[in-house]
Amino acid sequence: SSSSQKKMEPSRREDGNHDLRKGVHIDRFSPYIAALEPSYNFLKTEDIKPRTCAEIDVAALLENTKHIISVASEYGNETMAVIKSDAYGHGAVIVARLLNKYRGINFFGIATLTEALELRAGGLTDVRILVLGPIHQSEWSVCAAAHIELVLDSADMVELLLEWGANTQRKNPTFFENPENHLKMHVYLNTGMNRIGLCTFDSSTE
């Protein structure tokens with residue numbers, strides 16, 4: 001019916017591409033130019049051209065993601081989009097928002113706490129975010145407050161986690177009474193890359 005609302009996907013440009021990073025290059029120069037002496041006021045950031053430019057075919061991004069979701073769902077698996085390192089240079093926030101809006105992905109993997117907070121600050125407040133890389137125990141309280149999930153990759157980390165929990169409860173006895181303050185952890189198994197994770201299935205039961 002005419003009153004029904006259909007979720008429209010972003011249109012493809014005539015050349016089939018869409019520049020996800022348009023304006024980002026200029027925005028990153030602006031604060032530095034503004035901080036210079038007044039004699040630099042003649043500089044216009046729009047005149048500064050980037051050394052490289054990545055144009056992303058949004059239609060292809062969404063179509064490829066649709067296929068991945070379809071294959072994963074056949075085996076009863078949920079799709080997590082890994083967008084670490086600023087979505088490999090293509091803009092983590094805007095890629096995440098596209099995948100969330102048009103493909104319903106609500107689980108994202110990144111490398112650091114900083115990247116996770118960038119997604120939260122970018123308006124992705126209701127999605128799950130998993131930090132795949134190592135993270136220091138001093139950052140765990142921030143992870144709990146921002147509902148960011150972590151990986152458990154060693155027996156040593158278990159000891160540190162227990163120590164952190166005891167110290168946190170000693171400082172604030174009611175902290176863990178609120179489920180919102182609980183840390184969500186994933187057991188990280190090394191499946192062959194030998195970079196991070198528990199090395200054997202036996203070690204996951206220690």
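Which residues lie nearest the centre of the second largest pocket? In this predicted model, the residues nearest the centre of that pocket are Lys 84, Tyr 188, Met 193, Arg 195 and Ile 196, which belong to a lining of 13 residues. The volume of the second largest pocket is about 250 Å³. When its lining is sorted by class, seven residues are nonpolar, four are polar and two are charged.

The protein as a whole contains seven helices and five strands. Along the sequence these elements are arranged in the pattern α-α-β-α-α-β-α-β-α-β-α-β. The protein has 206 residues, of which 32% count as buried. Its accessible surface amounts to about 13900 Å², and carbon and sulfur atoms account for 53% of that area. Among the contacts with a separation of 6 or more, 58% are made by residues 24 or more positions apart.

The largest nonpolar core comprises 33 residues, and within this core Ile 83, Phe 108 and Leu 119 have the most contacts. At least two residues of the core come from each of helix 2, helix 4 (92–103), strand 2 (107–110), helix 5 (113–121), strand 3 (128–131), helix 6 (140–145), strand 4 (148–152) and helix 7 (155–171). The most is given by helix 4, which supplies seven residues. With residues up to four places away in sequence not counted, Ile 83 touches Ala 92, Val 95, Ala 96, Phe 108, Gly 109, Ile 110 and Leu 119.

Val 82 is located in strand 1 (residues 81–82). What is the exposure of Val 82? Because its relative accessible area is 34%, Val 82 is classed as partly exposed. Beyond residues up to four places away in sequence, Val 82 touches Tyr 88, Gly 109 and Leu 132.

Although Asp 86 is not a glycine, it has a positive phi of about 60°. A positive phi, of about 55°, is likewise found at Ala 87, which is not a glycine either. Asp 86 counts as buried because its relative accessible area is 16%, under the 20% cut-off. Ala 87 is also buried, with a relative accessible area of 7%.

Thr 65 is part of helix 2 (residues 58–74). With a relative accessible area of 9%, Thr 65 is buried. Once neighbours within four places in sequence are left aside, the contacts of Thr 65 are with Leu 99, Arg 103 and Ile 105. Ile 94 belongs to helix 4. Ile 94 is partly exposed, its relative accessible area being 35%. Between Ile 94 and Gly 122, which are 28 residues apart in sequence, the C-alpha to C-alpha distance is 8.3 Å.

The loop between helix 7 and strand 5 (185–187) contains Glu 180, and Asn 181 is placed in this loop too. How does the exposure of these two residues compare with the cut-offs for burial? Glu 180 is partly exposed, at 45% relative accessibility. Asn 181, by contrast, is buried, because its relative accessible area is 16% and buried means under 20%. Not counting residues up to four places away in sequence, Glu 180 touches Ala 144 and His 147. Glu 180 and Ala 144 are 36 residues apart along the chain, and their C-alpha atoms are separated by 7.3 Å. Ala 144 is also in contact with Asn 181, whose other contacts, neighbours within four places in sequence left aside, are Phe 175 and Phe 176.

How values were computed
Residues numbered from 1 in each chain as written. Predicted model: local features only at pLDDT ≥ 70, side-chain atom pairs only at ≥ 80, totals over all residues. Heavy atoms only, no water. Helix = DSSP H or I, 4+ residues; strand = E, 2+ residues; numbered from the N terminus. Buried < 20%, exposed > 50% of the residue type's maximum accessible area, 1.4 Å probe, protein only. Contact = heavy atoms within 4.5 Å. Core = buried A, V, L, I, M, F, W, Y, C linked by side-chain atoms within 4.5 Å. 1 Å grid on protein atoms, 1.4 Å probe; cavity = no way out; pocket = protein on both sides within 12 Å on 5 of 7 lines; lining within 4 Å. Points joined across faces, edges and corners; volume = space filled by probe spheres on them. Nonpolar A, V, L, I, M, F, W, Y, C, P; charged D, E, K, R; others polar. Areas by Shrake-Rupley, 256 points an atom, 1.4 Å probe, with all protein chains shown as cover.
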